[in-house]
Amino acid sequence: MNDTTQGTHTWTAQADQAGLRLDAFLANATGRSRSAASEWCADGLVAVELDGKPLKVAKSLKVPEGARVTAEVPDPAAKVRVVAETVDGFGIVHEDSDIVVVDKPAGVAAHPSPGWHGPTVVGALSAAGVEITTSGAAERRGIVHRLDVGTSGLMVVAKNERSYSVLKRAFKERTVTKVYHTMVQGIPDPLRGTIDAPIGRHPGHEWRFAVVEDGRNAVTHYEVLEAFGPASLVEVHLETGRTHQIRVHFSALNHACCGDLTYGADPAVSARLGLTRQWLHAHRLGFDHPGSGQPVEFSSEYPADLQFAVEAMRSGDAVGPSTA
C-alpha cells in the first residue's frame, strides 16, 4: 500500500486489513493522516462496495475482507482558496436559515479545487453575503452535491451543520428528486426507458468516464419530450449520481448530449446550434427540507444558450447565434 499519488484510486481489502476502520484503511493506503481520510469520507470522495453492493460510507466503518474501496485523493500540495466574486447569471432561487438553493450558470464549478481558476458557487455565495456555518474544508463548506462545470441548473447548499448532515444523507440514500433536461443527438429507441450500466474511469483517458464492467452501479431513467429528427429533447431522472452519468450513458447509446465534444457529440451539429458546452440542465430539484421535514421542490428555466438551441431545432433553422 502506501501510494501517496493524488487522483482516483481503488483498493481491495485483503484478509490482514479486514476490520480496519475506513479512515485507518485509507490512511495506510495513501500515507495521509486519518483526519484527512475522515474529511474525504465526509466530503463524499469515498465509496465502498462489497460483492457489487454499496456500503454506507462512514469514517468508522469496519472494512470487510474483499471490499472495494474507491477514493478521490486530493493533491496534498495544492492550495485552494475561496474567492468571493459576483458571477453573471448566478441566481438565488430560495434562501432560509437552513438552506440556499441556487441556479448555477455554465462555466461555474461547485467549489474551488486544484487546477480550477474560474468562478465557483461557494465564491458567488460569499459575494452575495450568504453565511455558511458548517465544518470541514472552507472551500467545500455547505456543498452536498455538485454539477459539472458545463452543466447549468439547480443546486442546494446547506447553511448549517445539521442541514449539511441531513442533506448528505438524503443524497446518499437517493431520496432526492433530481430531474434533468438534455438535448441528445438522434432519437433514442425506445422513447422511454432505463439505462442501467456501471460507470468508471475511462481506461484510456484520465479525465473521462465510461461504461465499464467493473464500474460503480449507475441507473438513468429517461423519456423523450420532443423528437426533432437530428436531435431529441429528453427528460432524465437520476436514480444514482455518478460523475458525468447522463453524458456517459447517452454517449454509450450513441446519442451523445448535443455540444458535448468530450463524449462524442458532432462538432458540426454543436456549431449549428451555437453550443459551446453540453446541452444539459438541472431542471428540477426536490427533497425534504432539513429543517421542517416538509417536501419542497424547485425548478429552473433553460438559460439563453440552451433555449436558443431548442428553438433552432423546432424551427429547423439550426444555426448558431454567431452565424445567424
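Strand β2 (residues 46-50) pairs with β3 in the antiparallel sense over three bridges; strands are DSSP runs of E with at least two residues, helices are runs of H or I with at least four residues, and both are numbered from the N terminus. Two strands are taken to pair if DSSP finds at least two bridges between them. Glu-49 stands opposite Pro-54 in β3. The model is predicted, and local features need pLDDT of at least 70, side-chain atom pairs count only at pLDDT 80 or more, and totals for chains, interfaces and linings use all residues. Residues are numbered from 1 along each chain as its sequence is written, and side-chain values use heavy atoms, with hydrogens and water left out.

The pair belongs to an open sheet of four strands in the order β1-β4-β2-β3, with antiparallel pairing. Because β1 (7-12) and β3 (53-55) each have a single partner strand, they stand at the edges, and one side of each is left without a neighbour in the sheet. Helix α1 (residues 22-30) lies across β1, β2 and β4 (68-73), at about 65° to β4. Contact means heavy atoms within 4.5 Å; axes are lines fitted to C-alpha atoms, for helices over the stretch in contact, and angles run from 0 to 180 degrees between N-to-C directions.

A search of the whole structure finds one cavity of 30 Å³ or more. A cavity is a set of points, on a 1 Å grid over the protein atoms alone, where a 1.4 Å probe fits but cannot get out, and lining residues have an atom within 4 Å of a point. Residues lining the largest cavity include His-145, Tyr-180 and Arg-284.

Terms used:
On a 1 Å grid over the protein atoms alone, a cavity is a set of points where a 1.4 Å probe fits but cannot get out, and a pocket is an open set with protein on both sides within 12 Å along at least five of seven lines; lining residues have an atom within 4 Å of a point. Grid points are joined across faces, edges and corners, and a volume is the space filled by probe spheres set on the points.
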